[in-house]
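Subject: Structure handover and findings

Hello,

Here is the structure I promised to pass on. Please open it alongside these notes.

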Amino acid sequence: MLVFRLIKFKPLVTRALSTASQQLPKGKPTQHVLQTARTFCHKAGETEGKKGNLQATYPGHTIYRNEKRPTAFDKKILLWAGRFKKEEDIPEMVSYELMNAAQSKVRVMTCYVMIALTILGCVVMVISGKDAVKKENTLLKQNMERKAKWKAEKELEANTMKEQ
């Protein structure tokens with residue numbers, strides 16, 4: 001039964017294969033098959049008539065460049081990273097690669113500042129601890145003094161309540 005079905009559809013399969021081989025170019029047929037259509041890509045000349053000239057609107061703007069308009073914070077990051085000297089020098093459109101590089105540089109600088117502040121805090125704590133040891137000012141002593149002070153205040157309040 002299965003052999004009968006295969007024999008029945010054999011002409012259709014051979015006809016489909018023959019028409020497919022006729023449509024493919026000779027030589028390397030895989031290149032033609034694997035080639036994809038780029039339907040969303042336009043050349044610069046094609047878009048000028050349809051949507052207006054982007055070159056006139058944004059000088060230095062090209063269609064294929066991946067860009068964005070920097071915010072005020074992005075402009076500060078570009079200045080801190082040293083990419084531009086003044087805020088007026090920053091162009092209207094900035095590429096994502098430039099923003100990524102500037103953000104990475106500022107991120108690393110921030111980490112260095114945090115490392116330096118942590119080390120400075122540790123040094124200050126060590127120095128203050130050594131000074132406290134020299135003065136014999138320990139936490140145990142401070143707690144005992146505080147509790148003695150609270151006890152004295154409580155007794156003073158009890159005495160004033162009895163007198164009234």
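In which hand of crossing does helix 5 pass helix 6? The crossing is left-handed, a term for a near helix turned anticlockwise from the far one by less than a right angle, with clockwise being right-handed.

Some ground rules. This is a predicted model, in which local features need pLDDT of at least 70 and side-chain atom pairs count only at pLDDT 80 or more, while totals for chains, interfaces and linings use all residues. Residues are numbered from 1 along each chain as its sequence is written, and side-chain values use heavy atoms, with hydrogens and water left out.

The overall layout comes next. The protein chain has seven helices and two strands. Both are DSSP runs numbered from the N terminus: helices are H or I with at least four residues, strands are E with at least two. Along the sequence the pattern is α-α-α-α-β-α-β-α-α. The protein chain has 164 residues, and 10% of them are buried. Buried means under 20% relative accessible area, exposed over 50%, and partly exposed in between, with a 1.4 Å probe and protein chains only. Take the contacts (heavy atoms within 4.5 Å) between residues at least 6 apart in sequence: 41% of them join residues at least 24 apart.

Now helix 6. Met99, Ala102 and Val106 are buried in helix 6. The cover over its buried residues includes strand 1 (67-68), helix 5 (72-80) and strand 2 (94-95). After helix 6 comes Glu136, with a positive phi near 55 degrees.

Back to the helix pair. Helix 5 and helix 6 pack at about 65 degrees, their axes 9 Å apart. Helix 5 is therefore roughly perpendicular to helix 6; that class runs from 65 to 115 degrees, with under 35 roughly parallel, over 145 roughly antiparallel and the rest oblique. From helix 5, Asp74, Ile77, Leu78 and Trp80 take part; they meet Leu98, Met99, Ala102, Gln103, Val106 and Met109 of helix 6. By class, this contact has eight nonpolar, one polar and one charged residues.

Last, Ser95. It lies in strand 2. Ser95 counts as buried because its relative accessibility is 16%. Beyond its neighbours within four places in sequence, Ser95 touches Asn66 and Glu67.

Best wishes

Definitions and conventions. Axes are lines fitted to C-alpha atoms, for helices over the stretch in contact, and angles run from 0 to 180 degrees between N-to-C directions. Ala, Val, Leu, Ile, Met, Phe, Trp, Tyr, Cys and Pro count as nonpolar, Asp, Glu, Lys and Arg as charged, and the others, Gly among them, as polar.
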